[in-house]
Amino acid sequence: QELYNEQQGAPILFAWTEWLKTNIESPNPLQGTPTSNCAEPIQSAACDNKKAVDIVLGRRLIYSHHIIATSKREAVKQYAVERGLGCIAKIGWPGAIVVEGRESDVQDYVDALKKLRWKHLAVRGEEILVAKEGQTLDDLRALPSTFTELGENQMSDFAAMCKAVGLDELFMTLMKKKPDSKESRIGVETASADTRKWWV
């Protein structure tokens, strides 16, 4: 009571302060700011953008008028090894290459070869496989991730190796022929066990 008498304005100031505390909520650092409230949807969008990229395996059957020069033979091998591709190359007249691996690497391989000087070089056939859920690139491979070179007189071996791993239809594109599906299946069944040993 004595304080009230000495300071007449004190009760009014006190009441006004209490009203401010009651009616104006102080910011709570634990509740977050509008920026933090937006963090969740922003983060969700980022997660959507990080969805797994499809695993795609590509194959190419490449025809060349010939593969004879040492520099060309080395390039055919080096470009494949550098990209971790499975590759079989038959040198001589004509030259033939079957190659497989990650689609982007296979396309890069073809582009690199085309930059060299050839009398004639063309992709005659291609296959593209997209992995199913749970599959890896290795699950899609038909060829081992190695390089094999066959001699000038080994076109029949080249054909057999393709058939052994189910690439007989791809091989037929080399000569621009349509495969007999029945004969192709027989070729795979009978040649598979022995032919695989040729490049292991």
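## Strand 3 and its neighbours

Ile 88 has Val 98 of strand 3 as its bridge partner (strands, E of at least two residues, and helices, H or I of at least four, are DSSP runs numbered from the N terminus). This is a predicted model, where local features need pLDDT of at least 70, side-chain atom pairs count only at pLDDT 80 or more, and totals for chains, interfaces and linings use all residues. Residues are numbered from 1 along each chain as its sequence is written, and side-chain values use heavy atoms, with hydrogens and water left out.

Strand 2 (residues 86-90) runs antiparallel to strand 3, with 5 bridges joining them (pairing takes at least two DSSP bridges).

Strand 3 (residues 95-102) has 7 of its 8 residues buried, so the rest of the structure largely encloses it (buried is under 20% relative accessible area, exposed over 50%, partly exposed in between, with a 1.4 Å probe and protein chains only).

Put together, the 5 strands form an open sheet in the order 4-1-3-2-5, with mixed pairing. Strand 4 (121-130) and strand 5 (147-150) are at the edges with a single partner strand each, so one side of each lacks a neighbour in the sheet. Strand 4 pairs antiparallel with strand 1 over 9 bridges, and Val 56 has Val 130 as its bridge partner.

## Helix 8

Helix 8 (residues 155-164) has 7 of its 10 residues buried, so it too is largely enclosed by the rest of the structure. Among them are Phe 158, Met 161 and Cys 162. Just after the helix, Gly 166 takes a positive phi of about 85°.
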